[in-house]
Amino acid sequence: MDLNTLYHRTVEAWADRVNAVGAEHWENPTPCAAWTVRDLVNHVVGEDRWTVPLVHGRTIADVGDALDGDLLGDDPVRAALDAAMEATTVVAEHLPGGGTVHLSYGEEQLGEYVHQLAADHLVHAWDLAVATGGDRRLDPHLVAEVAAWYADREHLYRGAGMVAPRSVSHGGPESELLAAFGRDAEWGSNHAGLAAFSAAFGSGDVDAIMALTTDDCVFEATGPAPDGTRHEGAAAIRTVWETLFADTPAAVFIEEESFVHGDRGVLRWRFEWDGGHVRGVDVLRLRDGRVCEKLSYVKG
């Protein structure tokens with residue numbers, strides 16, 4: 001498959017998923033940590049909008065902050081499709097002639113840059129599909145092409161912090177590619193639930209925390225030693241969190257890492273307040289995207 005065809009087809013895969021985004025989906029969590037659907041689409045629109053000036057030979061300094069912030073406006077689907085069309089048009093015009101582009105890490109061959117764009121559109125098409133309940137299946141020909149290109153670059157991406165730690169592959173080329181990009185091919189409601197649960201703690205939103213907690217949830221606190229206090233039921237647990245956020249100045253939870261396997265999840269966190277912090281971990285059980293058991297442990 002020639003490179004322009006690969007790129008064009010990955011952008012089409014992305015555009016198909018964007019077209020399927022409903023009004024109710026924009027605040028959904030995604031496999032990209034800390035990004036909602038809107039954040040994810042804004043990121044790719046940014047890439048597409050950057051493609052035009054970079055392919056035309058402009059530098060990052062030339063563009064400045066013109067493409068910072070929200071690029072979606074009141075019609076995010078239209079904004080995404082228009083940006084994709086502009087990007088594919090400029091690539092089709094300039095790719096046959098080769099040349100270089102100026103990226104954040106220096107000058108790069110145009111062909112290499114287009115490969116990077118193709119990979120990003122394909123993987124983010126999957127991210128968007130699973131976050132919105134869309135078609136998560138990727139074209140096997142596109143998977144094979146991107147995987148072949150990425151095989152020699154995975155260590156560079158991971159070393160630069162551009163992708164998450166490698167996930168577990170569940171077998172097959174698509175799952176293997178997603179794992180290499182730090183994705184779990186079985187990402188679903190429990191993954192989304194844990195992401196939203198972590199974000200709710202990060203913002204101190206007790207109502208959001210409880211909406212993601214089952215009525216029969218069990219919570220074991222970190223203290224007192226050695227076993228902590230056990231709280232059963234949503235009402236009792238709500239009181240704990242309301243008291244914590246009300247009585248702790250500048251309280252904030254920061255996610256350090258999380259993962260889900262089946263109905264089990266692990267969330268590593270840092271809890272900060274005015275004058276100190278602790279680090280700990282939650283061992284979780286989830287049911288249909290909601291937390292039904294939260295066992296908390298903290299570094300001594």
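Helices (H or I, at least four residues) and strands (E, at least two) are DSSP runs, numbered from the N terminus. The model is predicted: local features need pLDDT of at least 70, side-chain atom pairs count only at pLDDT 80 or more, and totals for chains, interfaces and linings use all residues. Residues are numbered from 1 along each chain as its sequence is written, and side-chain values use heavy atoms, without hydrogens and water.

**Exercise 1. Describe the largest cavity and its lining.**

Step 1: On a 1 Å grid over the protein atoms alone, a cavity is a set of points where a 1.4 Å probe fits but cannot get out; a pocket is an open set with protein on both sides within 12 Å along at least five of seven lines; lining residues have an atom within 4 Å of a point. Points are joined across faces, edges and corners, and a volume is the space filled by probe spheres set on them.

Step 2: Search. One cavity of 30 Å³ or more turns up in the whole structure. The largest cavity holds about 40 Å³ of space.

Step 3: List the lining. Phe197, Thr213, Cys217, Phe219, Ile237, Trp241, Val291 and Lys294 line the largest cavity. Strand E3 (213-220) supplies the largest share, three residues.

Step 4: Sort by class. Ala, Val, Leu, Ile, Met, Phe, Trp, Tyr, Cys and Pro count as nonpolar, Asp, Glu, Lys and Arg as charged, and the others, Gly among them, as polar. The cavity lining has six nonpolar, one polar and one charged residues.

**Exercise 2. Describe the second largest pocket.**

Step 1: Take its volume, about 330 Å³.

Step 2: Find the lining. It has 21 residues; Phe219, Trp241, Leu244, Phe253 and Trp269 lie nearest the centre.

Step 3: Find the main contributor. Helix H9 (189-203) gives the most, four residues.

Step 4: Sort by class. The pocket lining has 14 nonpolar, four polar and three charged residues.

**Exercise 3. Which residues of helix H6 (residues 140-150) are buried?**

Step 1: Apply the cut-offs. Buried means under 20% relative accessible area and exposed over 50%, with partly exposed in between (1.4 Å probe, protein chains only). Leu142, Val143, Val146, Trp149 and Tyr150 are buried.

Step 2: Check the cap. A side-chain oxygen of aspartate 139 lies 2.8 Å from the backbone nitrogen of histidine 141, capping the N-terminal end of H6.

Notes. Polar contact = N/O pair within 3.5 Å; in protein donor to acceptor, adjacent residues only side chain to side chain.
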